[in-house]
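Good morning, colleagues. Please look at the model on the screen while I take you through its fold, beginning with a term that the first element requires.

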Amino acid sequence: MQQYELGPVAVRQALGVLRSEGLVVTVKSEGSYVRPRVPVERVSIQGSAEVTARMSSPVERKELDIPEGVPVFVITSPRKSNRVLPADRTVLVWEDSDA
């Protein structure tokens, strides 16, 4: 705050934005920390699969161990159950169906 001559409201707002984008994690009674980078998984999308992106639910955040603000990819394939993947740790690769 002192270095950049910012007030506490501006700092709280900035941390709120960073937290909503999944870049900062705030731990009660400890403070805020930059979220560490995590390994990325490459996932092949094949055939008639559809991919949508949306914000994660509280249950998904707990199951996938992701903070608030991190979206998820939902992969829907015929005859398969939906896959929900954290967007910050997933690279989607479309396979050429003509190959």
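This is a predicted model: local features need pLDDT of at least 70, side-chain atom pairs count only at pLDDT 80 or more; totals for chains, interfaces and linings use all residues.

After helix 1 comes Gly22, which has a positive phi near 75°.

Let me turn to the order of elements. The protein chain contains two helices and seven strands, arranged along the sequence as α-β-β-β-β-α-β-β-β.

I would draw your attention to one hairpin. Strand 5, residues 71-76, and strand 6, residues 83-86, run antiparallel and are joined by four bridges. Within this pairing, Val74 stands opposite Val84 of strand 6. Six residues lie between the two strands of the hairpin, where Arg79 adopts a positive phi near 65°.

How does the radius of gyration of the protein chain stand against that of a compact globule of 99 residues? The chain has 18 Å, whereas such a globule would have a value near 13 Å. Along the principal axes, the C-alpha atoms fill a box of roughly 60 × 25 × 20 Å.

Finally, burial and contacts. Of the 99 residues, 22% count as buried, and the protein chain exposes about 7700 Å², with carbon and sulfur atoms supplying 53% of that area. Among contacts between residues at least 6 apart in sequence, 43% join residues at least 24 apart.

Notes:
Residues are numbered from 1 along each chain as its sequence is written. Side-chain values use heavy atoms; hydrogens and water are left out. Two strands pair if DSSP finds at least two bridges between them. The radius of gyration is taken over C-alpha atoms; the globule rule is 2.2 Å times the number of residues to the power 0.38. Buried means under 20% relative accessible area, exposed over 50%, partly exposed in between (1.4 Å probe, protein chains only). Contact means heavy atoms within 4.5 Å. Accessible areas come from the Shrake-Rupley method with a 1.4 Å probe; for residues, only the protein chains shown count as cover.
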